[in-house]
Amino acid sequence: MRRKTADPMLPRHPAEEPAWAAPHPVLLPELLVPAVWARPLTPPRFGRPPRLWLARVEALRDVVAPLAASVLDSGERARAAALQSAADRDGYRVAHIGLRLLLGAYLGIEPSDVPLVRQPCPMCRAPHGRPAVPGADLCFSLSRSGGLCLLAFAATAVGADIEQLPASDVVDDVGAMLHRREAAELAACPPERRPAAFARAWTRKEAYLKGLGTGLGRDLRLDHLSTSPHAPSQVPGWVIHDVAAGPGHAAAVAVAEAPPAERPR
């Protein structure tokens, strides 16, 4: 991996603070904007709070298009090209180029040289668990939906999810697959508020499952994350927070309280 030379325009950080934990990350600040917590953050017991970035596909698609050939690897370029709609292709490029640009800036290497792998799935041990950079003391997650991309970086395992508010028929069909308490909360919710309530529960749950590395392979009925607009329910060993993603969207981030090596599998 080619290390980049120090850029005098980048913020300087205390020696004990990893570069990625800087309060003002280092790349395209006018385009990749910090995401905002929906309420005051309770930091994980170990490590520092995660850093969150929100990217708008419409604002970035023309900016990142010339970078695809030099920043994305061959597999990423093939996956982008295979997507059926232009909106999906644009969203994929914005999310994955943004991820590589930020990882490269945080780790001090060229974005195209960042080696991305998948960790073993905790359920089946196949290589489709959390994404990772081998040897890097940095965890990350990304999600995209409805023209927005959410990227999260942390010292411990992290999962991020962003979703457009669903149609009412989706809530009716999928709501029954959630934890029984979440399903009951949705049933008691006024119809006009159900899409937002469902999206809160879904993004919290998917962020947590992505942080675990299982994704939707884990039964959605096992964990109660709540549909409440006030705060997510917490699960042992994790801190889960809503993220303010703007009208028509819900988002959440889940951060492990213990380093990944110390958590039981």
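**From a loop to a pocket to a buried strand**

Ala 126 sits in the loop that runs between β4 (117-118) and β5 (131-132). The model is a predicted one. The cut-off for buried is under 20%. Apart from neighbours within four places in sequence, Ala 126 is in contact with Gln 119, Pro 120 and Cys 121.

Next comes the largest pocket. The volume of this pocket is about 640 Å³. Its lining is made up of 24 residues. Nearest the centre lie His 96, Arg 118, Gly 129, Pro 131 and Leu 142. Which elements give two or more residues to this lining? They are α3 (74-82), α4 (86-107), β4, β6 (139-145) and α7 (194-212). The largest share comes from β6, with five residues. By type, the lining of the largest pocket holds nine nonpolar, seven polar and eight charged residues.

Just after α4, Gly 108 takes a positive phi of about 75°.

Now turn to strand β10 (residues 249-256). Eight of its eight residues are buried, so β10 is largely enclosed by the rest of the structure. In a regular strand, side chains alternate between the two faces of the sheet. Which residues of β10 cover each side? On one side are His 249, Ala 251, Val 253 and Val 255. On the other are Ala 250, Ala 252, Ala 254 and Ala 256. Every one of these is buried, and both faces of β10 are covered.

What pairs with β10? Strand β8 (residues 158-164) is joined to β10 by seven bridges, and the two run antiparallel. Here Glu 163 stands opposite Ala 250 in β10. Strand β9 (residues 238-244) also pairs with β10 in the antiparallel sense, over six bridges. In β10, Ala 252 has Asp 242 opposite.

β9 and β10 form a hairpin, with four residues between the strands. In this hairpin Gly 246 takes a positive phi near 95°.

Definitions and conventions: Residues are numbered from 1 along each chain as its sequence is written. This is a predicted model: local features need pLDDT of at least 70, side-chain atom pairs count only at pLDDT 80 or more; totals for chains, interfaces and linings use all residues. Side-chain values use heavy atoms; hydrogens and water are left out. Contact means heavy atoms within 4.5 Å. On a 1 Å grid over the protein atoms alone, a cavity is a set of points where a 1.4 Å probe fits but cannot get out, and a pocket is an open set with protein on both sides within 12 Å along at least five of seven lines; lining residues have an atom within 4 Å of a point. Grid points are joined across faces, edges and corners, and a volume is the space filled by probe spheres set on the points. Ala, Val, Leu, Ile, Met, Phe, Trp, Tyr, Cys and Pro count as nonpolar, Asp, Glu, Lys and Arg as charged, and the others, Gly among them, as polar. Buried means under 20% relative accessible area, exposed over 50%, partly exposed in between (1.4 Å probe, protein chains only). Two strands pair if DSSP finds at least two bridges between them.
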